[in-house]
Amino acid sequence: MILRKLTYFALLFVFGIFAAISCGKDPVFEQGDYIYENDDFTRVDNVNGIIIHWADDVEISEEQKTVIRNLVANMVRVDGGTFKMGAQSSDTQGDNYDPEAADNESPVHEVTLNSYYIGLYEVTQLEWRTVMGYELDWSEQYGRGDEFPAYNVSRMDAQQFADRLSAMTRLPFRLPTEAQWEFAARGGSYTRHYRFSGSSSVDDVAWHKGNTGSILHPVGEKQPNELGLYDMSGNLWEWCRDTYGPYPTAPQTDPLVESGSRYVLRGGAWTYLPSYCRVTCRDAYNGEARSVSNGIRVVVN
């Protein structure tokens, strides 16, 4: 009797394997649920090692999926690490000396970050229009086209874009924290300690007031930094998640400041002098205001 029961369960096991193979499905365990890649029922895509869970309660067209898949495919993994954030101009032998460093870039302090993904490019006008369903005030005068970065983006607009993208994909899209932004701009653990993102020669990597011809440029035209990221210096200032405030002196882990009334911008822009394109330069702006100099880059934590 025991042998007969064992034979019965063995047959069920073999039949189950055969059935799974015949259906052509390869189950993956993800966050407590069995899912199937590219299955119409679970609506899952695996892109760039990131699993998109297409939302059932948000209407998403095939065109939107194509654009969002491409956006996710262009996310770069930044391995976590510890670095010295900021710059100072008083001690030529000290950490992160830069003769052009402003007071708000110091004190230089130690920051430790967990790993994250960040966009290879600034969010483009095509991506903005596809995700949000509307355009901002873009004109031929300043730069208009699918490959141009989305500008005239307020901090509120930027947050809405990240929230909308999260709702569509069930991925934790965010604006980068100021520390995440600087670590990525420096090249992460591959840094060569350039003053600008990818070079110590600003014209190699940045569109700024002296070389743009008074117009924005499509993303990715300059050389990338050590992580392969484009336009971290120049083209557009990029909104960060943090509110603006003075730096601490003590070491920090995954810092996020949310106590101020203005929000941090990083990277410089096509309307600003080259010194603003340095990886440590900081600016702040009213979160509700829009500017032809301000855009967005997203992260996935």
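Is Glu 178 buried or exposed? In this predicted model, Glu 178 is buried, with a relative accessible area of 4%, and its salt-bridge partner Arg 282 likewise counts as buried, at 6% relative accessibility.

**Salt bridges**

- The structure holds 18 salt bridges, and one of them joins Arg 195 to Glu 100, with the closest N and O atoms 2.6 Å apart.
- Because Arg 195 lies in the loop between α5 (178-185) and α6 (202-205), while Glu 100 lies in the loop between β6 (81-85) and β7 (109-113), this pair ties together parts that are 95 residues apart in sequence.
- Arg 195 is partly exposed, with a relative accessible area of 27%, and Glu 100 is partly exposed as well, at 40%.
- A salt bridge also forms between the side chains of Glu 105 and Arg 278, at 2.8 Å from N to O, and it links the loop between β6 and β7 with the loop between β12 (262-266) and β13 (282-286), the two residues being 173 residues apart.
- Both Glu 105 and Arg 278 are buried, and these two residues belong, together with Asp 98, Glu 100 and Arg 195, to a network of salt bridges.
- In the pair formed by Glu 178 and Arg 282, the closest N and O atoms are 2.6 Å apart, and the bridge connects helix α5 with strand β13 across 104 residues.

**Tyr 244**

- Tyr 244 is placed in the loop between β10 and β11 (252-253) and counts as partly exposed, at 26% relative accessibility.
- Its contacts beyond four places in sequence include Arg 282, Asp 283 and Ala 284, and the C-alpha atoms of Tyr 244 and Ala 284 are 6.1 Å apart although 40 residues separate them in sequence.
- The side chain of Tyr 244 makes a polar contact of 3.1 Å with the side chain of Asn 104.

- Helix α2 (residues 62-73) reaches 16 Å from its first C-alpha to its last, and its buried residues, among them Val 67, Ile 68 and Leu 71, are covered by elements including β3 (44-47), α3 (125-132) and α4 (155-169).
- In the largest nonpolar core, which has 40 residues, Met 75, Trp 128, Phe 161, Phe 173 and Val 298 touch the most other members; α2 is one of the elements that each supply at least two residues, while α4 gives the largest share, four residues.
- A second, separate core of 23 residues includes Val 76, Phe 83, Ala 185 and Cys 240.

Technical notes:
Residues are numbered from 1 along each chain as its sequence is written. This is a predicted model: local features need pLDDT of at least 70, side-chain atom pairs count only at pLDDT 80 or more; totals for chains, interfaces and linings use all residues. Side-chain values use heavy atoms; hydrogens and water are left out. The expected span of a helix is 1.5 Å times one less than its number of residues. Buried means under 20% relative accessible area, exposed over 50%, partly exposed in between (1.4 Å probe, protein chains only). Contact means heavy atoms within 4.5 Å. A nonpolar core is a set of buried Ala, Val, Leu, Ile, Met, Phe, Trp, Tyr and Cys residues joined through side-chain atoms within 4.5 Å. A polar contact is a pair of N or O atoms within 3.5 Å; within protein, one must be able to donate a hydrogen and the other to accept it, and residues adjacent in sequence count only if both atoms are side-chain atoms. A salt bridge is a side-chain nitrogen of Lys or Arg within 4 Å of a carboxyl oxygen of Asp or Glu.
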